[in-house]
Structure formats: C-alpha cells, structure tokens
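Try each task before reading its solution.

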Amino acid sequence: MKKTWANSGLDLHLDLPSSRVRAGLETALRDAVRDGRLYPGSRLPPSRVLAADLGIARNSVADAYGQLVAEGWLTARTGSGTWVTPHRPRPQPAPVAVPEEVAPPRYDLRPGVPDLGTFPRRAWLAAARASLSSAPDQVLGYPDPRGLPRLRTALAGYLARVRGVSVTGDRIIVCSGFAHGLALVCQVLRARSATAIGIEHYGHQAYRRIAEAHGLRLLALPVDGHGAMPDDLGPAAAVVLTPAHQFPLGVTLAPQRRRAIVEWATASAGLVIEDDYDGEFRYDRQPVGAMQALAPDHVVYAGTASKSLAPGLRLGWLAVPAPLLDEVIAVKEAAGAHANSLDQLTFAELLTSGGYDRQIRHARLAYRRRRDRLVAMVRRQAPQVEVTGIAAGLQALLSLPSGQSEDEIIAQAAARGLAVEGLASYHTGDPRHGPALVIGYGRPADHAFTTALARLGAVLAGRAAPAAAAAGRQRGRRESEGCPERGKGDPERDDGDPERDDGDPELGAEGVVPFLGRRPKADIDS
Ligand SMILES: Cc1ncc(COP(=O)(O)O)c(C=O)c1O
C-alpha cells in the first residue's frame, strides 16, 4: 500500500493501494469523510492537483469524485469545485426492541417443548457434513416449493414404515412446522370458499388463532374418553384432530370415531387435518397407525420435528391428498416460504442413515422413564390426583379433585420456582372437564427433572412452600452450581426411584392409566 500525503490546499492522509488505484481512492475518501478527517463542507482539491499530489492519473481522480458525488458523499458545483457534502444528521438505526427480560422459571413443567438438551447435536452435525459434502451444486439453488426431493422421498418411506401413512414423495410438502402446514391448508380452504373448520374442544390456542386468522369460524367438537365426538360438524369444510394422542387430554381417537369421521369426510367432500405431533412416542404398546391411511384422499397428515428433535428447527411435513396438492403448492410458492435446503439435506441424511430412528428410540426411553416417575410420584404423594390419558407423548393430564383451583396450584408452584399450566388455558367456550394440570414432563433438562417433580409433588400434596430463607439460600447455592444432587437436604427432592426404566407396577401391565377414572368400554386403540 502506498501511503500518500495530499496537501493541495487541504492536508489529507490517504492510503492508496498500488493496484486498482481508482477504487482505492474512492475507499480512502469515503473513509476520510466517515471518520471526519474530511469534514462536512470542506473543499476537495481540483482533480488535476490531487492527481499530481498522489502521482496518479487525473482521470482516476475525476472518476472517483464522480462516483462519490453519485453516492452522495461529495457535492460538485459547476465552477466552484467539489465539496464534502454537508451532513444531515444521519438517523441512528433504532435498536431492536427487546422484550423486557422475564426471568425463566427455574423449573418448568409446562407442555409444548421437548428436552432441548437431548437434541442430537453430533448426529446432526455429522449428517450435515455428509450430506453437504456429496450434494450437487444445484441443491443450493432456489428449491422446489414442495421441499427437496431427497427429503420428500425419505419422509415418505419413514412415514409409511413408522406411522402407516399411505403416501409417495410427490405428495409430501415440507413446511415450517405444523403451524405453517395448517396455515397453508387453511388458506386453500378459504380460497375454496370454506367458512368454518372443526376443532377439538380442548386444544392448542395457537392453532385456533391460525385458522381464525385465515377467516375460518371455529366449530368446537366435544372430547370424551373416546376422543373427539364428530356428531355436529355442521358447515365445517374440515376438521383438525389429534387422533393418536389428543392434545391435551391424552386419549386416542376410538376406531368407531375414526370411521365416523372418515365417513363424514367422504360423504361431504370434507377434509381431516391429522395433527400427528407426537405419534412416535407411545410407551405401552405399538403406536396407533395414522388415520390418513383410512382415506388418503380426505386426510392431510401433518408431522413435525418439534417434539422429536427441536421446535427451533421449524421443520414439518404434510402428506397431502392428490386433489388438494396443486393448490397447497401454489399457496406455499406464492408466499415464498421455502424451507432451508441445508436443513432439509441434513434431515434427509438423518432419516436415511438411521440416525433419526436412533434418536427417537433414545428419546422414547427417556420420556417413558419420566412419565413412569411422574405417575409413581402422584400415586404416592397425591393419591387424590389422577393421571389420565394413555402412556404416550411428552405431557400428561393430572386431574385435580373437584373444588381445587388450577390457579391456586399454579400460584403455589410458582412460589416454588416451578411453572405449570392448567387445563383451562386450552379450552374453547365452557370448560367441560374439571380442574387439571397439563404437565409437560418432557421439557426440563435431565438434571432438573428430579427437583421439578419433587416440587410438583409437594404442591399437590399441599405441603407449605419452604419458607426457611436459610434453606432456600443453601438450595439456591447448590442449584446455581449446576446439577442439584439427590439426598443433600432439599426437602423437596423425594420423587421415588429416579432410575427405574420398567413400567411402574402400580400402573398395571400396560402402564395405561384410565381417562377420568373411567376406562372406555371399547378398547380405545384397537
Ligand atoms: C398439539 C400440537 N400440535 C403440533 C405441535 C407442533 O407444532 P409446530 O410443528 O408448529 O412446532 C405441537 C407443539 O407443541 C402441539 O402441541
């Protein structure tokens, strides 16, 4: 780099490179204006003079001035030379609004999120490396709105094998989680002039809001021990169901109900949106197959990686009935909402290499152990509380004795640094179920689960919150050091056998506990 002192009427230190002189001069002048060495309103030497000072061609200077005038750094006035443009105060970029920090609860048993610490980072990285190393360049171009063919083929095989879904890769659409898939289908329904959609009386509010945001009126279907009751679908063009594991009540959709809903769909050209959010996680028996196989032309099957891997991936997939396919692709393409190709490649590799199956097996065992421990703790410490629903998924319903208030229990838990959620936040209209908690036993990190469970046990058993400040301080110190150890004086760390991995003998052979204390007459799954 040639350091040059330009002093023609204006002392100015400019660093110029020895090649690409004009571009170098532009950069040097921009830097000088930016750092204030060339202050606003100051006059620059005539191009001839600066060229002589710097020992470069006059045209290079004239061109650089011209470029900076065009960019607004300099102003040229005919007859009076070139000036540094007087500054208008530049608007400062507004800082991104950060929501007020809410301290996360120390222990969290709310449903919806898996144990993020179990994300298979190494397997994911290995799959990313393997798939990207061998992928052709074309994979990095604008992707097919349906998703990468490699992933769609892998998903079709996986879903057929594991969930009994009847589909080929050309009817799979990769989307950003169930929420996105639902939004796409709602958009298509609305474009077809649908006005109403059936939903389960108890369910996730976020998905209801998505349907409403697309102009669909909600028709709530009651849910009992056999799942959603399809008696009154009225003007609904579609119905959203969680057949394998009703969220949040935890029952499966009984075979006769499945048939009735499929009959409704066939007879009325209706659509079923099957939300199979945790279908791989069944602990007491083989998971019930997807309802989609009963009527592939009337059921949109929707899966997600949000429970099996992590919600932050925003990866989901739809198996779309042939008559709906082009419309779903069109709305997805119109929104420009393509899933990231690199993540798709990686996920395809994880699926085909067997890494995804391994992760599911590992997670299934871990969540099953947690569920067993939860059930055992409730039986022992709060027998008045009933764990209902099937042994599946990452959440369980704890029905409280009538008269107990969800809000009070939630407040008592909060006083112990434990976040829990009540069933009331999941219904539409009137509650039809007594007070209950929806416990997301999948969420805490492994090291926090034992204490979270013990605190829940203490709240359910009605034990007073530990008030002794000294004890609290001591506990706080231990916990802030990372993994609280068992049996070191924390009065809330009695949760039963932490290592048991076989079913709890109290649960019976299948580990199934009854829904609302009344086991449905018909076998709900078979
Ligand atoms: C009932 C239900 N469906 C679907 C999902 C997954 O949604 P997404 O794939 O948009 O993360 C969840 C996650 O909590 C859920 O509870």
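**Exercise 1. Find out which helix gives the most to the shell around the ligand, then describe that shell.**

Solution. Keep in mind that this is a predicted model.
- Step 1: look at helix H6, residues 177–191, which gives the most to the shell, with 3 residues.
- Step 2: pick out who comes nearest. Of the 13 residues around the ligand, these are Gly-177, Ala-179, Tyr-277, Thr-304 and Ser-306.
- Step 3: sort the shell by class, and you get 5 nonpolar, 7 polar and 1 charged residues.

**Exercise 2. Work out which strands pair with S17, and in what sense.**

Solution. 
- Step 1: start with strand S16 (residues 386–388), which pairs with S17 in the antiparallel sense over 3 bridges. Here Glu-386 has Ser-399 of S17 as its bridge partner.
- Step 2: go on to strand S20 (residues 436–439). S17 and S20 pair over 4 bridges, again in the antiparallel sense, and Ser-399 has Ala-436 in S20 as its bridge partner.
- Step 3: check the faces of S17 (residues 396–399). Ala-396 and Leu-398 sit on one side, Leu-397 and Ser-399 on the other, and all are buried, so both faces are covered.

**Exercise 3. Decide whether Glu-26 is buried or exposed, and find its contacts.**

Solution. 
- Step 1: count neighbours. Glu-26 has 20 C-beta neighbours inside 10 Å, so it counts as buried; the cut-off is 20 or more.
- Step 2: skip neighbours within four places in sequence, and Glu-26 is in contact with Ala-64, Gln-67 and Leu-68.
- Step 3: check Tyr-65, 39 residues away from Glu-26 along the chain; their C-alpha atoms are separated by 7.5 Å.

Key: Residues are numbered from 1 along each chain as its sequence is written. This is a predicted model: local features need pLDDT of at least 70, side-chain atom pairs count only at pLDDT 80 or more; totals for chains, interfaces and linings use all residues. A residue is near a molecule or strand if its C-beta atom, placed from the backbone, lies within 6 Å of it. Helices (H or I, at least four residues) and strands (E, at least two) are DSSP runs, numbered from the N terminus. Ala, Val, Leu, Ile, Met, Phe, Trp, Tyr, Cys and Pro count as nonpolar, Asp, Glu, Lys and Arg as charged, and the others, Gly among them, as polar. A residue is buried if 20 or more other C-beta atoms lie within 10 Å of its own, exposed if 12 or fewer, and partly exposed in between; C-beta atoms are placed from the backbone. Two strands pair if DSSP finds at least two bridges between them. Two residues are in contact if their C-beta atoms, placed from the backbone, lie within 7 Å.
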